[in-house]
Structures are given as structure tokens and as C-alpha cells.
Amino acid sequence: MNELEITSALSAVVSLRSRIPEDALTANTLGTERAGHGVQIREDGLVLTIGYLVTEAESIFLVTASGQTLPAHLVAYDQETGFGLVQALGRLDAATVTLGRSSSLKIGDPIVLAGHGGKSAMVSAEVIDKREFAGYWEYLLDEAIFTAPAHNNWGGAAALDSEGQLVGIGSLLVQQAEEGEQQRDVNMVVPIDLLPPIFDDLLMFGRTRKPPRPWLGMLTVDHPAGLVVASTYDGGPADEADLEVGDIVVEVGGYEVSDLAEMFRRVWGIGEAGVDIPLTIVRNGERMTVSVTSVDRNASLKSPRVH
């Protein structure tokens, strides 16, 4: 690895803390005080992070490697990729990282996951997989990056290639088992190649201009019993349609679904946000059809404060 480039990139990573109103949609699931990292991608203080740290935030603070603390405001949160953009309200005493190409990463390539705090807060790892990832909160990446060993403070961490270029943003800690091996902790990283196509829209509108996907407002888990509803958001579409915890989703729009990715693609393929989504479920051994009137997820979130 190019140690000089890596060292420079480390100084672009900032600590990020946010506070979220108690009545926010995501307060119960993600908490009202969130902490992680971000990385300066433009010299004017524009910071890229993972969106769950800043969605619905009423206040955001950034801390640089030198100890400088600045308030920031939310610029954009993209539901599809999971990226968040925040703008420091002042000039950050931090380096600016160069964007790389996540598509050029191969399994086995070295990679650094860097949190705020310099070399003591980085993990030298390798790419162990690039594959589809489906999250129970109605989230899907066609090709996520998986790295190991895992960083234990992964949220918003900068994923850097051997040249110190930004190739992704740390999102999750998950468990993965290789063939014949025990499960181990690995990080899921959102690929940086997803950012350039939507970047201008995010800066100008705070979101992409393409039609919003239908959102059901339910958390669904892949279980041996099937696709099980684990929770619904109070007052959300699934809750309004009287879906219950323990319901098993077996069809969407008349098509059988066997995993989360397939279920999400069927839901999103029916139409834009606002469309009715017919679900066939099994409840207490009985099969029934429920129609869920979807909404735009963004409309259910608290808007950011503009400073």
C-alpha cells in the first residue's frame, strides 16, 4: 500500500455526531443520539457518510483529526444507496480524499477501513466478497463490498484502496461463513461507484429526481419459516393495512417470493410510491391477501433544519 497516500486520506476522516428528535420516525430503531464517521470529499467541507447516522437529524457536529469541532447540516440522504451528505458550516481543518473506483476492486485486494483517529482507528483488511445485499429495512444493493477483519466502529468509516482513494463507506457489521469455516464478523461497505450518477441531484434537490420507490414501512427478516414480518412502523403503510408481527409474506402481486431481494424487487416493480401493493401472507396457518397502500419513505421523515 502507498503509506503516504493512506496517511493523507486518514486526515480527511472526521468524527460525526448527530441528535434526532424523539418523535422522529427512526428514533426507536436507530436512536436519538448517533455517532460514527464521515470523510471530506470536497474542499468546501462537504462530507460523505452513511445516511442512517444523519437521517432526520436536528443537529450534526463534526470533529477533525486536529480537534476542530464544527456544526454541519444535512444536505441529502439517498434511500437507495444509503449515502448521506452533510455540509460543514465553516472550513474544515481536514484533507480532501480522492474518489476511486469500487468496480476495480477484486476479491483478495487489500483495503483499509478508516475511522476518525488516524492510524489507531484504521483496520487493514481485504476484500472477501462482492455480492448482493438485502437489508430488512427495505434496502437492496446489487453488489455490496464485504471486508475482513472487521472494523468495530464501522459506521461512516472510509474504505480506502491501496492508493488511498475512497472506494466505499462503511455501513454494517455482519456475520459471514465461508465454506467449511465458522462464521466471522465482516464489514459491509457501500461502493463509491453508486455516488457519481446521483451526486448532482443530491446537491441540488437533497434526493434523486427519479420517482420514489413504494415503501411499506415494515421490517422483514429471512427466517427458516419464510419472509417473516418482524415489526412495522406505527402509522406506516403496513401498520395501516393491519399487518402483524409474525405474518409470513409468500407472494407479492401474485408472484411467489422466497428471499428479501426478490420481495423488494417485486414490490418496487409494481409502480411508484403511492401504488397499492397486494401481499399474500400466512397468518396462524391461514393464507390471506392484504393490500398495502405504499408511500414515499421520505415523506414520513422529518425534514432537516436549514441553518
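The largest pocket has a volume of about 400 Å³. This is a predicted model, where local features need pLDDT of at least 70 and side-chain atom pairs count only at pLDDT 80 or more, while totals for chains, interfaces and linings use all residues. Residues are numbered from 1 along each chain as its sequence is written, and side-chain values use heavy atoms, with hydrogens and water left out.

**Pockets**

A pocket is an open set of points on a 1 Å grid where a 1.4 Å probe fits, with protein on both sides within 12 Å along at least five of seven lines; lining residues have an atom within 4 Å of a point. Volume is the space filled by probe spheres set on the points.

| Pocket | Volume | Lining by class |
|---|---|---|
| Largest | about 400 Å³ | 13 nonpolar, 7 polar, 1 charged |

The largest pocket is lined by 21 residues. Leu30, Tyr52, Tyr77, Trp137 and Tyr233 lie nearest its centre. Helix H2 (27-30) and strand E11 (166-177) each give two or more residues to this lining.

The second largest pocket has 19 lining residues, with Thr81, Leu140, Leu141, Asp142 and Leu194 closest to its centre. E9 gives the most to this lining, with 5 residues.

**Cores**

A nonpolar core joins buried Ala, Val, Leu, Ile, Met, Phe, Trp, Tyr and Cys residues through side-chain atoms within 4.5 Å. Buried means under 20% relative accessible area, with a 1.4 Å probe and protein chains only. The largest core holds 55 residues; Val39, Ile41, Leu48, Leu62, Leu160 and Leu166 touch the most other members. Strand E9 (residues 139-148) gives the most to this core, with 5 residues. Another core, of 22 residues, lies apart from it and includes Leu216, Met218, Met263 and Leu279.

**Aromatic contacts**

The whole structure has 7 aromatic pairs. Rings of Phe, Tyr and Trp (its six-membered ring) pair if their centres lie within 6.5 Å; planes under 30 degrees apart are stacked, over 60 edge-to-face, the rest tilted. Trp215 and Tyr233 form a tilted pair, 5.5 Å centre to centre with 45° between the planes. The two residues are 18 residues apart in the chain. Both Trp215 and Tyr233 are buried.

Phe133, Tyr136, Trp137, Tyr139 and Phe146 form one aromatic cluster. The charged end of Arg131 sits over the ring of Phe146, 4.0 Å from its centre. That term requires CZ of Arg or NZ of Lys within 6 Å of the ring centre and within 35 degrees of the ring normal.

Technical notes: Helices (H or I, at least four residues) and strands (E, at least two) are DSSP runs, numbered from the N terminus. Buried means under 20% relative accessible area, exposed over 50%, partly exposed in between (1.4 Å probe, protein chains only). Ala, Val, Leu, Ile, Met, Phe, Trp, Tyr, Cys and Pro count as nonpolar, Asp, Glu, Lys and Arg as charged, and the others, Gly among them, as polar.
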